[in-house]
Amino acid sequence: VAKRIALAYVGTVVPDRSPFNDDPAFSRAGNMFQENFLAAMKESGLPPSLILSQRPLRAFPRAPILWVSAGQTELPNNLSVNLLPFINLPILRPLIVGLAVVAHLIRWSWQQRKAACKVVYTYNLSEPPSLFTLIGTRLIRAKLVASLNDIYIPGALVPRTLSRRLDFWLQKKIIPRLDGLVVVNKRII
């Protein structure tokens, strides 16, 4: 008898339509990667029972939206996406989204309590913040696998701001603690 695996997905996937793709923060390439990954998991017989995401928006006031409510949407492959709420300000957004990730993972774990194995797959380590995904995964005793497509080195492709340096430092600390990696390039590690 095969073990029953429960899969949760944490990322930034949304339908490629308005209002989700209206803001320049929307990455068509990143979104397509995530949609194709989720479709492949579904087709292979391991559809995620939880998909957590957030609406891609530049921070207020660059985007005129200050509060984003929780909600649900559906991807073209009939997978339901839970949209996380947040206040669209630089410090508050990652904190609120991160806490929502932890809360959703705890609830999901309870719903999947009969699963022999729980796996949380995260699209990247920046959005939602990987520290919260790691904390949530450890609290529910699940395995954490990350897709490492982009690691931005402050001062190279992104500005050398305090938040970018903190994000890079956190990623370096978290990568060795992951249970699995899907890496597009060996140099990322």
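Predicted model: local features only at pLDDT ≥ 70, side-chain atom pairs only at ≥ 80, totals over all residues.
**Ground rules.** I number residues from 1 along each chain as its sequence is written, and side-chain values use heavy atoms, with hydrogens and water left out. I take helices (H or I, at least four residues) and strands (E, at least two) as DSSP runs, numbered from the N terminus.

**Entry: the sheet.** I looked up the strand order and found seven strands in an open, mixed sheet, running β4-β5-β2-β1-β7-β8-β9. Two strands pair if DSSP finds at least two bridges between them. The edge strands are β4 (71–74) and β9 (180–183), each pairing on one side only. From one strand to the next the twist averages 25°.

- β1 (residues 5–10) and β7 (residues 117–122) are parallel over six bridges, and Val 10 stands opposite Thr 122.
- β2 pairs with β5 (residues 80–83) in the parallel sense over two bridges, with Asn 82 as the bridge partner of Leu 52.
- β4 and β5 are antiparallel over four bridges, and here Gln 72 stands opposite Asn 82.

The hairpin of β4 and β5 has five residues between the strands, and I noted a positive phi near 65° at Asn 78.

**Entry: α2 against α3.** I asked how α2 (residues 92–111) and α3 (residues 130–139) are placed: their axes come within 9 Å and cross at roughly 20°. Axes are lines fitted to C-alpha atoms, for helices over the stretch in contact, and angles run from 0 to 180 degrees between N-to-C directions. The two helices are therefore roughly parallel (angles under 35 degrees count as roughly parallel, over 145 as roughly antiparallel, 65 to 115 as roughly perpendicular and the rest as oblique). I listed the contacts (heavy atoms within 4.5 Å): from α2 they include Pro 94, Leu 95 and Ile 106, and from α3 they include Phe 132, Thr 133 and Leu 139. The residues of this contact divide into nine nonpolar, four polar and no charged (Ala, Val, Leu, Ile, Met, Phe, Trp, Tyr, Cys and Pro count as nonpolar, Asp, Glu, Lys and Arg as charged, and the others, Gly among them, as polar).

**Entry: burial in α3.** Which residues of α3 are buried? I found Ser 130, Phe 132, Thr 133, Leu 134, Gly 136 and Thr 137, where buried means under 20% relative accessible area, exposed over 50% and partly exposed in between (1.4 Å probe, protein chains only). These buried residues pack against β1, α2, β7, β8 and α4 (162–174). After α3 comes Arg 141, with a positive phi near 55°.

**Entry: Met 32.** I located Met 32 in helix α1. Met 32 is partly exposed, at a relative accessible area of 46%. Val 14 is 18 residues away in sequence, and the C-alpha to C-alpha distance from Met 32 is 9.4 Å.

**Entry: Phe 60.** I placed Phe 60 in the loop between β2 and β3 (67–68). Phe 60 is partly exposed as well, with a relative accessible area of 32%. Apart from neighbours within four places in sequence, Phe 60 is in contact with Ile 65, Leu 66, Asn 88 and Leu 89. I also checked Leu 162, 102 residues away along the chain: its C-alpha is separated from that of Phe 60 by 19 Å.
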